[in-house]
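My entries follow in the order I made them.

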Amino acid sequence: MAPRRPPKKRRIRDATAAAAAASDALLSLPPEVLDKILGRLDLRDAVRTCALCPAWRHRWESLPSIDIYTPIGQQSLWTVDCVLPRCSGRVRRFDVSLDELSTRRLDDWLLVLSRRGGVEDLELSPPCPYKFFSLHSTVFSWRRLISIDLFACHIPPLPPDFEGFPNLKVLSLANVKLQQNGEYQLEEIIETSPLLEQLILCEVCIVGDDFIEWEIRATNLRHIIICSNIDYGWNFAELQCLNSAVIDLWEYVGNRDFAKFLAGLVQVRKLSLCSFYAPVNGIKILETLPCTFDNLKSLKLFMHFCELPPILLVFCFLRSTPNLEKLKIRIYDGKEQKIEANGELLNAQWTDGICANLQILEMTEWDVLCIQAAIAAIED
């Protein structure tokens with residue numbers, strides 16, 4: 001005869017007693033060990049420990065540091081308003097997906113965080129379809145910041161007492177709006193972040209029509225991504241540690257020195273360039289580069305080959321990249337063909353030693369004659 005199962009209420013009491021015993025055992029641990037255990041839990045799970053027993057009711061509130069993370073679909077307003085006032089510890093990460101209600105509370109939250117010395121990791125974004133929100137200037141006083149990731153926000157001017165971000169390693173700005181002369185602001189933020197390793201500027205909007213040429217100075221920068229359909233005057237300087245760069249200037253009209261622009265990337269090892277390069281206003285067509293990309297191993301180009309300037313630009317790169325091993329060329333064919341890239345033109349640009357170390361070549365949307373000529377030249 002099978003043994004009888006204990007009543008359901010008894011099983012619940014036994015489970016509750018076991019949980020209470022386990023929680024009592026945990027409470028016997030040193031406080032710093034218990035903090036590390038709770039610190040490894042998701043914030044919601046850490047808060048749920050208050051149900052273990054009366055002794056645990058407020059234990060999570062005494063954590064020395066917490067991460068506040070509200071992904072898309074969760075109620076940011078309820079989460080932050082319930083947790084932030086009750087936990088007096090330092091906030092390491094503040095990653096919030098902003099809905100309409102939480103956007104109204106954002107300034108209050110940021111001011112509370114400022115009184116605690118700011119955060120290390122700040123990520124703010126609205127859900128799709130998104131509406132722009134405004135960032136409070138108090139963020140510029142957070143010297144503990146290691147990572148900033150902002151999407152679809154208005155960035156205020158720098159305060160007069162701005163001293164930089166001494167610990168910042170990642171700066172990502174996507175679909176953000178800066179006021180007039182915002183290029184000065186970007187230049188100062190980047191230059192006063194000496195540890196910056198990764199920079200992403202994607203569809204940044206700066207108010208105004210005239211933009212000065214300015215420089216991205218970041219001696220520790222490893223990775224950079226710039227995507228923009230407007231030339232805001234950026235150049236590069238002192239990027240000695242640059243490993244990879246993605247430069248997407250789709251409608252680059254070429255009314256300034258493109259060779260100087262490219263020379264700032266001379267240390268890069270992996271480069272992706274997307275540009276409809278077309279010099280105007282008497283700017284000379286680029287036929288040679290003022291530097292040699294000795295470190296460049298991988299090059300990806302996306303441009304049209306309907307006119308002479310972009311064709312010559314490709315050969316400028318090939319002659320200036322002696323150690324290139326991987327080359328990908330994607331040809332945009334949505335423009336009217338104004339020049340024929342025949343064998344005579346290609347032979348005139350070819351020089352001894354070009355593509356000497358090339359191992360991988362990929363081309364798409366490319367004229368058959370050009371493919372045959374390029375392959376034949378490489379095989380020779």
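Which residues have the most contacts inside the largest nonpolar core? I noted that the model is predicted, that local features need pLDDT of at least 70 and side-chain atom pairs pLDDT 80 or more, while totals for chains, interfaces and linings use all residues. Numbering runs from 1 along each chain as its sequence is written, and side-chain values use heavy atoms, with hydrogens and water left out.

Entry 1, the core. I took a nonpolar core as a set of buried Ala, Val, Leu, Ile, Met, Phe, Trp, Tyr and Cys residues joined through side-chain atoms within 4.5 Å. Buried means under 20% relative accessible area, exposed over 50%, and partly exposed in between, with a 1.4 Å probe and protein chains only. The largest core holds 91 residues, and F94, L124, L150, L265 and F317 have the most contacts inside it. Helix α8 gives the most to this core, with seven residues.

Helices (H or I, at least four residues) and strands (E, at least two) are DSSP runs numbered from the N terminus. I found 10 of the 12 residues of α8 buried; F317 is one of them, as are P309 and P310.

I count F94 as buried because its relative accessibility is 0%. Leaving aside neighbours within four places in sequence, F94 has contacts (heavy atoms within 4.5 Å) that include I68, V80, W109, D121, E123 and L124.

Rings of Phe, Tyr and Trp (its six-membered ring) pair if their centres lie within 6.5 Å; planes under 30 degrees apart count as stacked, over 60 as edge-to-face and the rest as tilted. I found seven pairs in the structure. The centres of F94 and W109 are 6.3 Å apart and their planes are at 70°, so this pair is edge-to-face. F94 is in strand β2 and W109 in helix α5, so the pair ties together parts 15 residues apart in sequence. W109 counts as buried at 2% relative accessibility. W214 and W234 make a tilted pair, at 6.1 Å centre to centre and 55° between planes. This pair links strands β11 and β13, with W214 and W234 20 residues apart. Ring pairs also join F140, F162 and F165 into a cluster.
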